[in-house]
Structure formats: structure tokens, C-alpha cells
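Biologist: I'm new to this structure, and I'd like a close look at one part of it. Please walk me through it slowly.

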Amino acid sequence: MRSSEDKEAGRFWDKVIKGPRPGDCWIWTGAIGDDGYGRFWQNVAAGQRMWRAHRFAVALVLGGGDLSAHDKVRHESCDVPLCVHVTDGLDSHLVLGTTADNNRDRSEAGRHANMYSLRRSGGRRRDQAAHSRELRDHLLAHGWDDDFRLLLAGYSPDQEALF
Ligand SMILES: [Zn+2]
């Protein structure tokens, strides 16, 4: 059992490219869903279990290999959906909390869902998926170069050239 878990962890980390500096993001380069987050299909006894990649990273590093629906994962020190930089220290980009933590954060930030914010987030989600795919494709084609750093910061180098 242990060895098959290790094999799944190995398959997962094989699809991750870590930035050159210690504080950099670790970018998932596998499948990406329509929400802009990575997708990983874990082989389990019953078949395959689909994970959002950042949640699987947290399960591996902080969750003993699994998470429940109550375990909420969020990006803390970056806002990059594809980032799977998880450690058990303060340098982790992802944190594990409860639903209650998450609800509190959301109301503190004044981000309670309403009709308008839901409509906005629908558009944002599509943009986010396109941006994630652009990030991944650039990283696989060119590596962690200056253009990639710009993309990561939310800018497109192609657009900048127009101005
Ligand atoms: Zn990050």
C-alpha cells in the first residue's frame, strides 16, 4: 500500500516545476480544469480519484495523504491557482484550514457572495482558466524565464509589446 502511495506522489511531483528561488511558486504543469486549478487523477483501489492539484499537494505534505471535504485549502502568500508550493513551515504558499476559518476570512474581506459578485466571478473563472493554461504552456515551452515571471505577475508580455 505504502509503495503505491509513493508512486502516486512521484507521478504528482513529476508534473511540478519549482521556481529557482526558495520563495518562488511551484507550478503544476499537468491538466487544468475550467476553474483554472490543476487536476490530478490519483490511482486508488476503486479506480481513479480526481483532485484539484493544489489540494492533493496539501494532502501529501500536510494531510497524511488525504483530505476531507471539510479541509479547506487556500493560497496564502501567492494568488496563483496552479501553485502547489506546500511545506510544513512558514514558507508554505498554501494553508490548510476549516470551513469556519474560510467563512470568517471571506466576511472579513467583505467578499460575501451576492448576485453581482457571483456574476463577476463567473467571468473571472474563465479568465483564470485561460491564464493558467497560458502560464503552464509558456513554462513547458520556455522554462522559468523573464516572460514567465511577467505572466506570473498577471501581465502578458505580448500585450505589453503593443504599448
Ligand atoms: Zn505560490
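Leaving aside its neighbours within four places in sequence, which residues is valine 80 in contact with?

Modeller: Quick heads-up: this is a predicted model, where local features need pLDDT of at least 70 and side-chain atom pairs count only at pLDDT 80 or more, while totals for chains, interfaces and linings use all residues. Numbering runs from 1 along each chain as its sequence is written, and side-chain values use heavy atoms, with hydrogens and water left out.

With those neighbours set aside, valine 80 is in contact (heavy atoms within 4.5 Å) with Cys25, Ile27, His75, Leu135 and Leu152. Val80, Cys25 and Ile27 are also among the residues that touch the most other members of the largest nonpolar core, which has 28 residues. Such a core is a set of buried Ala, Val, Leu, Ile, Met, Phe, Trp, Tyr and Cys residues joined through side-chain atoms within 4.5 Å. Among the elements giving it two or more residues are β2 (26–28) and α2 (53–61), and α2 gives the most, with five. Helices (H or I, at least four residues) and strands (E, at least two) are DSSP runs, numbered from the N terminus.

Now follow Cys25 to the zinc ion. Its protein donors (N, O and S atoms within 2.8 Å of the metal) are Cys25 (SG), Cys78 (SG), Cys83 (SG) and His93 (ND1), 2.1 to 2.4 Å away. Their angles span 107 to 112°, so the arrangement is tetrahedral, a label for four donors with all angles between 85 and 135 degrees. Cysteine 25, in the loop between β1 (16–18) and β2, and cysteine 78, in the loop between β5 (72–75) and β6 (94–97), are 53 residues apart, linking distant parts of the chain. Buried means under 20% relative accessible area (1.4 Å probe, protein chains only); cysteine 25, at 7%, is therefore buried, and cysteine 78 counts as buried at 13%.

Note on methods: Buried means under 20% relative accessible area, exposed over 50%, partly exposed in between (1.4 Å probe, protein chains only). Donors are N, O and S atoms within 2.8 Å of the metal (3.2 Å for Na, K and Ca); water is not among the atoms, so sites may look incomplete. Four donors count as tetrahedral if all angles lie between 85 and 135 degrees; four count as square planar and six as octahedral if opposite donors are over 155 degrees apart and all others between 65 and 115; anything else is irregular.
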